[in-house]
Amino acid sequence: MGTDAAATSKGRRVLRGLAALAVTAALTAAAGGDRARDYPQGDGIALPAQASFLVGYEHAQVGDEYWVGGPLPENGTDRPLTVLRMRMQRVPEGLEVVRYGTTTLRQTGGYALGVIQDLAVGPARPFVVAPHGQAGAYVWTRVRVTGPVRGRLSGCRFWYRQGVVEFRQDVGCETVLRLGPSVR
């Protein structure tokens, strides 16, 4: 009977360990880990002309935080797509990403391209883009200036779903933040 109890106890520990691993994996996936290789490369996101512009702000102050507007996605396909999240691929020395958020075009009075210090940005959440349509929402990146910025905040990686398949797609985007005289 001692052997059965030991085996049962060991089996429960193994099951608890497997359950903990499953929960950890689910939380990592829900948090949007940057495991790009786990998603097929997509090409459904098209970008409007303004996405190719380099935007910047030359008056950043160490310790301050800024919202950086991401590109406004367009759907280049015949099927609706749901943008799940967007992350910056390259964050230069001197900046750190604090969080991501989503706004609608209605909230900002239209597409706001650039760097804004004070803006009411909600939590990051998925949004749908109609076939051959322009998104009614887009992702913002909240960054904190930690010192002289050496390089550009660049490379936007999107994850989106069409039907039951999730894709990732990298698109060009660049923002320059530099320390400079305060405009306050």
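The legends below describe close-up views of a predicted protein model.

In this predicted model, local features need pLDDT of at least 70 and side-chain atom pairs count only at pLDDT 80 or more, while totals for chains, interfaces and linings use all residues. Residues are numbered from 1 along each chain as its sequence is written, and side-chain values use heavy atoms, with hydrogens and water left out.

**View 1. Overall arrangement of the protein.** Two helices and 12 strands are present (DSSP runs numbered from the N terminus: helices are H or I with at least four residues, strands are E with at least two). Their order along the sequence is α-β-β-β-β-β-β-α-β-β-β-β-β-β. Of the 184 residues, 40% are buried (under 20% relative accessible area, with a 1.4 Å probe and protein chains only).

**View 2. The open five-stranded sheet.** The strand order is β7-β3-β10-β6-β8, with antiparallel pairing (two strands pair if DSSP finds at least two bridges between them). Because β7 (115-116) and β8 (122-123) each have a single partner strand at the edges, one side of each lacks a neighbour in the sheet. Five bridges connect β3 (residues 65-69) with β10 (residues 137-150) in the antiparallel sense; G69 lies opposite W140 in β10.

**View 3. Strand β11 and its partners.** Nine of the 10 residues of β11 (residues 153-162) are buried, so the strand is largely enclosed by the rest of the structure. Strand β5 (residues 81-90) pairs antiparallel with β11 over seven bridges, and M88 stands opposite C156 in β11.

**View 4. The β11-β12 hairpin.** Antiparallel strands β11 and β12 (residues 165-179) are joined by nine bridges, and R157 has D170 in β12 as its bridge partner. Two residues separate the strands of this hairpin, and G163 in the turn has a positive phi of about 65°.

Definitions and conventions
Buried < 20%, exposed > 50% of the residue type's maximum accessible area, 1.4 Å probe, protein only.
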